[in-house]
Amino acid sequence: MNDTTAGSVAGSEAVGSVALVGGGPGHPDLITVRGRQLLSAADVVIADRLGPRALLDDLAPGVEVIDVGKQPHHHPVPQTRINELLVEHARAGKRVVRLKGGDPFVFGRGGEEAAFCREAGIPVEVVPGVTSAIAVPSIAGIPVTHRGVAAGFTVLSAHTDIDEVPGGPEHTVILLMGVSGLAATAATLAAGRRGTDCPVAIVEDGYGEGQRVTVGTLGSIAADAAVRGVRSPAVIVVGDVVRLADPDLLPAPASHGAAPRSTASSRTAHHREASQ
């Protein structure tokens, strides 16, 4: 932080704060208690497209809501401007909540936002959320690990590093933001130990009104998705755990009041769980 920034913050009468809140996979019941507390006390909420937007209807009348939602290949509010908005409102003495989908530190650019605020002398709290990488597959009864089937998993943004994914079908691969490049991704994964017969599931709009599951293999999934018109947002699961999917577990789209039935600094997060 430079002297000019430090002076401007120190000279203000009341510096506000920023909370980066992970809203979970979208259903309003799946945000943490701490996240709800911060929303109820917020002066400004800067909201993403995939967060639990139904909660915005419960905010007090005077709360300012700023929509910075991003669509695939269309970011009307660039990340640099989002960073600036956080600092501008906090410097004005506001309690700012940055409401995100999933977890702020899992492909949510929360680390960048936290660093920008701290460099500007703004207090930051990070509230973790349930990442869609794990929650959305569970809609179809798919665990990301299962004793005797898969002891580890990799979560990645499906733009890079596909050819570096470890293991074979016994190592689960979870792809976020992967619909547009599905054909190329499937071909790359099939070229390794997984092969074309490796099971794949795509869960669209998890916990949303358009929730839907498509199941195939690495050899067929691109064509299957094209036939069904699969669209983002979607979570793609690759590996033998897909064989455990139970269509009977699919819930009907839940209303606002009904409960559903069911930290990474790099672009790829690897997780390992010991068999229990």
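What covers the buried residues of helix α6? The cover includes β7 (171-176), β8 (199-204), α7 (221-228) and β10 (234-238). Contact here means heavy atoms within 4.5 Å. Helices (H or I, at least four residues) and strands (E, at least two) are DSSP runs, numbered from the N terminus.

A word on the source. This is a predicted model: local features need pLDDT of at least 70, side-chain atom pairs count only at pLDDT 80 or more, and totals for chains, interfaces and linings use all residues. Residues are numbered from 1 along each chain as its sequence is written, and side-chain values use heavy atoms, with hydrogens and water left out.

Back to α6, residues 182-190. Which of its residues are buried? They are L182, T185, A186, L189 and A190. They sit on the same side of α6, because they cover an arc of only 130° around the axis. That arc is taken from the directions from the helix axis to the C-beta atoms. Buried means under 20% relative accessible area, exposed means over 50%, and partly exposed is in between (1.4 Å probe, protein chains only). An α-helix has 3.6 residues a turn, so residues three or four places apart point the same way. The face away from its buried side carries A183 and A184, which are exposed.

Next, strand β6, residues 152-157. Six of its six residues are buried, so β6 is largely enclosed by the rest of the structure. Look at its two faces. On one side are G152, T154 and L156, and on the other F153, V155 and S157; all are buried. In a regular strand the side chains alternate between the two faces of the sheet.

How does β6 run relative to β7, parallel or antiparallel? The two run parallel, joined by six bridges. Strands count as paired if DSSP finds at least two bridges between them.

Now some backbone details in the loops. M177 is not a glycine, yet its phi is positive, about 60°. M177 is partly exposed, at 43% relative accessible area. F107 is another residue other than glycine with a positive phi, near 55°. Find F107 in the loop between β4 (95-100) and α4 (110-119). F107 is partly exposed too, at 26%. Then there is P233, in the loop between α7 and β10. The peptide bond from S232 to P233 is cis, with omega near 0°.

Last topic: charges. Side chains of opposite charge can pair when their charged atoms come close. How many salt bridges are there? The count is twelve, where a salt bridge is a side-chain nitrogen of Lys or Arg within 4 Å of a carboxyl oxygen of Asp or Glu.

One of them joins E125 and R34, at 2.9 Å, N to O. E125 lies in strand β5 (residues 124-127) and R34 in helix α2 (residues 33-40), so this pair ties together parts that are 91 residues apart in sequence. E125 is partly exposed at 29%, and R34 is partly exposed at 38%.

E88 and R81 form another, at 2.7 Å, N to O. Here E88 is partly exposed at 41% and R81 at 31%.

Finally, E113 meets K100 at 3.2 Å, N to O. E113 lies in α4 and K100 in β4, so the pair ties together parts that are 13 residues apart in sequence. Both E113 and K100 are buried. They also belong to a network of salt bridges that links D48, R98, K100 and E113.
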